[in-house]
Amino acid sequence: MFAQAIVVIDFETSGMSPEQGGRVTEVAALRVVGGEVVDRYVSLINCGVRIPYFITELTGITQTMVDRAPAVSEVMPALVDFIGNDTLVAHNASFDEKFLKAESDRQGLWPEHDGLVCSVKLARRIFPGMASYSLGRLAAALGIRFQGAAHRAEADAEVTAALMLHVADELRRRYAVAAIDPQLLIAVNQLSAAKVPAFLKKQFAAV
């Protein structure tokens with residue numbers, strides 16, 4: 001399905017932005033090889049911060065859960081090591097990348113992933129005209145089911161991985177190719193929607 005491995009990541013956080021004091025509370029990272037998830041790293045995270053009530057209402061993650069969780073100084077090195085130099089994927093990727101960079105900087109780490117794919121942007125270009133591109137509504141429209149609670153890192157990452165496999169399958173069907181290069185999807189992310197069909201036709205014609 002994919003020509004090289006990808007790592008799908010999802011963070012739950014205590015706020016919307018690290019610049020405004022938000023910290024990570026949970027992470028899930030799923031490695032997809034070919035057409036299936038072959039490995040995963042999932043952990044709650046203790047950053048020593050208070051969890052706002054509205055975050056607990058949204059995610060179900062409580063203060064007690066994060067207080068008992070592994071420290072961020074333990075989780076982030078393991079996470080960066082797990083990601084390695086594979087291509088990173090996230091739904092609304094700028095959000096997750098900001099937190100990955102902020103928490104890595106705090107620990108003196110340097111993530112080495114090979115580019116970033118935003119599955120929101122990708123879905124807008126491959127499946128234009130959908131009523132919504134929020135993860136839950138998009139998944140429902142494409143027949144992808146949540147296996148756990150939405151707004152928990154592992155469940156959201158699993159649905160994002162399923163969405164990426166759906167995208168890859170659609171491209172394979174349209175263009176009769178055996179596998180999709182993640183670097184191609186990074187290029188698609190950077191194009192306007194109007195330019196994507198011609199770009200893909202040209203790329204796959206050369207395969």
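Student: Which residue forms a salt bridge with Arg 173?

Tutor: A salt bridge here is a side-chain nitrogen of Lys or Arg within 4 Å of a carboxyl oxygen of Asp or Glu. In this case Arg 173 pairs with Glu 170, their closest N and O atoms being 2.5 Å apart, and both residues lie in helix H7, three residues apart, about one turn of the helix. This is a predicted model, in which local features need pLDDT of at least 70 and side-chain atom pairs count only at pLDDT 80 or more, while totals for chains, interfaces and linings use all residues. Residues are numbered from 1 along each chain as its sequence is written, and side-chain values use heavy atoms, with hydrogens and water left out.

Student: Is Glu 170 buried or exposed?

Tutor: Buried means under 20% relative accessible area, exposed over 50%, and partly exposed in between (1.4 Å probe, protein chains only). Glu 170 is buried at 16%, whereas Arg 173 is exposed at 58%.

Student: What is the strand order of the open sheet?

Tutor: Strands of a sheet pair through backbone hydrogen bonds, either parallel or antiparallel. Two strands count as paired if DSSP finds at least two bridges between them; strands (E, at least two residues) and helices (H or I, at least four) are DSSP runs, numbered from the N terminus. Here the five strands follow the order S3-S2-S1-S4-S5, with mixed pairing. Strands S3 and S5 stand at the edges, each with a single partner strand, so one side of each is left without a neighbour in the sheet.
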